[in-house]
Amino acid sequence: MRLRFVLSETAKGMYRNLAMTVSVILVAFVSLLFVGASSLLQSQISTMKGDWYDKVEVSVYMCPKSSASSNCANGEATAAQISEVENLITSGAPSGYVKSYQMETKAQAYQNFMKAYAKSAVGRNATEDMMPVSFRIKLKDAENYKLVAEQFEGHSGVERVVDQRSTLEPLFLVMNRASWITGGLATIMAVAAVLLISTTIRLSAMSRSRQTGIMRLVGASNLFIQLPFILEGVIAALTGAILAVATLWLGVRYVVEGWLASSISFTSAFISTRDVLLLSPWLIMAAIALAAVSSALSLSKYTRI
């Protein structure tokens, strides 16, 4: 009987305050949507970093026959200088960070260059003798790219050192900032949800003050009096959370897996609907906790025995 009464009062309260209940659902939906989107964006960044950083190479270009670089004032790199750089890779200070390396000869460099620029004016005027010898170094940990690059910069016979990671950092910086903005908006919306839930529950309690007064007189406990009001907030917030999870799932399924994964060829590192399913329990628990705590705090003044 008690459970039936609590559920009946909860349903009546939600019906009487239908507009406010819908408002709570929408605010919970938007705030948790931002929270989920921010979390998924961070997961996407981590996934892409793991995939791209594994492919990061430090490229060491030796001085070609004719170079305008001040590092090549003495002309083309000699066989001894090339051998010194290779020894540095295999047994020098950077060797502990090196996973593997590949030496590209002039012939190989010319062949690769012609594949890309054979039909251009630059390609037609290029010769094998103009190509530089280079080393492509894969690292055990891409985080150490600066330590490795510094070992070769300024070394005799080295024209320049190119680190692929430096071209990726601006992209990840933009994505991280987008994630921070999304997280900030999520925080603002979460505060709005707390205030709206508290206000809704407080109005509901005030409208039924006579009923709660009678319940106090007959000896009802605080929990029994407050439970219908708390359930109103929890059910509304839970509905918003379920809508947010469904929206995130649809977004990842059709936008990320369906569109981005098929239209972007330079990477296959994308989040999946599995990530949404792993995140969904946390969003649902956050919605329940948010509604329960804010409701209980707002009711303490109006339903205290």
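## The disulfide

In this predicted model, the count of disulfides comes to one. The bond joins Cys63 to Cys72, with a sulfur-to-sulfur distance of 2.0 Å, and because the torsion about this S-S bond is about -85°, the disulfide is left-handed.

Both partners fall under the 20% limit that defines a buried residue: Cys63 has a relative accessibility of 4% and therefore counts as buried, and Cys72, at 6%, counts as buried too.

## Helix α3

Helix α3 covers residues 79-91, and its 13 residues, taken at 1.5 Å a residue, should span 18 Å, which agrees with the 18 Å that separates its end C-alpha atoms. The buried residues of this helix are Gln81, Ile82, Val85, Leu88 and Ile89. These residues cover an arc of only 120° around the axis, so they lie on the same side of α3. An α-helix has 3.6 residues a turn, so residues three or four places apart point the same way.

On the other side of α3, Ala79 and Ser91 are exposed. The buried residues of α3, by contrast, pack against the strands β1 (57-62), β2 (98-104), β3 (134-139) and β4 (158-163), and also against helix α6 (145-152).

## Ser38 in helix α2

Ser38 belongs to helix α2, which runs over residues 18-53, and with a relative accessibility of 12% this serine counts as buried. When neighbours within four places in sequence are left aside, the residues in contact with Ser38 are Ser179, Thr182 and Gly183.

Key: Residues are numbered from 1 along each chain as its sequence is written. This is a predicted model: local features need pLDDT of at least 70, side-chain atom pairs count only at pLDDT 80 or more; totals for chains, interfaces and linings use all residues. Side-chain values use heavy atoms; hydrogens and water are left out. Helices (H or I, at least four residues) and strands (E, at least two) are DSSP runs, numbered from the N terminus. Buried means under 20% relative accessible area, exposed over 50%, partly exposed in between (1.4 Å probe, protein chains only). Contact means heavy atoms within 4.5 Å. A disulfide is a pair of cysteine sulfur atoms within 2.5 Å. The expected span of a helix is 1.5 Å times one less than its number of residues. The arc is that of the directions from the helix axis to the C-beta atoms.
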